[in-house]
Amino acid sequence: TFGANQMYQRVLDHTSIWCRLSSLLQMSLVVWWGRWHIPMGVAPYPVPLLGVIGPIFAIPLLAKDQVITDELVEQVHAQFCQALQNLFDEYKH
């Protein structure tokens, strides 16, 4: 879904100490609000959303004795990112 990031706003800027602490702890400590300044997602801002479905993304089938390698993960991740970029480029406005 494109446009979902605009549904809410953060209380603090991304350069604040609170946001840096969130990154350090690898968990979100950031408070965000929506419409009427109601916190934490009860009433999002009314923004246009675009939901798209792309072509089927094939993932290689491995034999039971095969091990998933870092190279295979990187390869499939790169293919997924390219497919997502293609979707974005096709539907951006």
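Trainee: Is Trp 36 buried or exposed?

Mentor: Please keep in mind throughout that this is a predicted model. As for the general idea, a residue is called exposed when its relative accessible area is over 50%. In this structure, Trp 36 has a relative accessible area of 62%, so it is exposed. Trp 36 lies in the loop between S2 and helix H2 (70-91).

Trainee: What is noted about the phi angle of Trp 36?

Mentor: Trp 36 is not a glycine, and yet its phi is positive, at about 60 degrees. His 37 likewise has a positive phi of about 60 degrees without being a glycine. His 37 is placed in the loop between S2 and H2, and with 57% relative accessibility it counts as exposed.

Trainee: How many helices and strands does the protein chain have, and what pattern do they follow along the sequence?

Mentor: The protein chain contains two helices and two strands. Read along the sequence, they give the pattern β-α-β-α. The radius of gyration is 19 Å, well over the 12 Å that the globule rule gives for 93 residues, so the protein chain is more spread out than a compact globule. The box filled by its C-alpha atoms, taken along the principal axes, is roughly 55 × 35 × 20 Å.

Trainee: What percentage of the 93 residues is buried?

Mentor: A residue is called buried when its relative accessible area is under 20%. Buried residues account for 13% of the 93 residues in the protein chain. The chain exposes about 8,000 Å², and carbon and sulfur atoms supply 63% of that area.

Trainee: Where is Val 30 found, and is it buried or exposed?

Mentor: Val 30 sits in the loop between helix H1 (17-25) and strand S2 (32-33). Its relative accessible area is 12%, so Val 30 is buried.

Trainee: Which residues is Val 30 in contact with, leaving aside its neighbours within four places in sequence?

Mentor: A contact is read from heavy atoms within 4.5 Å. With those neighbours left aside, Val 30 is in contact with Arg 10, Trp 18, Cys 19 and Ser 22. Ser 22 belongs to helix H1 and, at 8% relative accessibility, counts as buried. When the neighbours of Ser 22 within four places are left aside, its contacts are Met 27, Ser 28, Leu 29 and Val 30. By way of contrast, the C-alpha atoms of Val 30 and Tyr 91 are separated by 30 Å, and these two residues are 61 residues apart along the chain.

Trainee: How many disulfides does a search of the whole structure find?

Mentor: The search finds zero disulfides. Cys 19 has a relative accessible area of 6% and is therefore buried, whereas Cys 81, with a relative accessible area of 36%, is partly exposed.

Trainee: Finally, how far apart are the mean positions of the positive and negative charges?

Mentor: The protein chain has 5 positive and 7 negative charges, and their mean positions are 15 Å apart.

How values were computed. Residues are numbered from 1 along each chain as its sequence is written. This is a predicted model: local features need pLDDT of at least 70, side-chain atom pairs count only at pLDDT 80 or more; totals for chains, interfaces and linings use all residues. Side-chain values use heavy atoms; hydrogens and water are left out. Helices (H or I, at least four residues) and strands (E, at least two) are DSSP runs, numbered from the N terminus. The radius of gyration is taken over C-alpha atoms; the globule rule is 2.2 Å times the number of residues to the power 0.38. Buried means under 20% relative accessible area, exposed over 50%, partly exposed in between (1.4 Å probe, protein chains only). Accessible areas come from the Shrake-Rupley method with a 1.4 Å probe; for residues, only the protein chains shown count as cover. Lys and Arg count as positive and Asp and Glu as negative; His and the chain ends are not counted. The place of a charge is taken as NZ of Lys, CZ of Arg, CG of Asp or CD of Glu. A disulfide is a pair of cysteine sulfur atoms within 2.5 Å.
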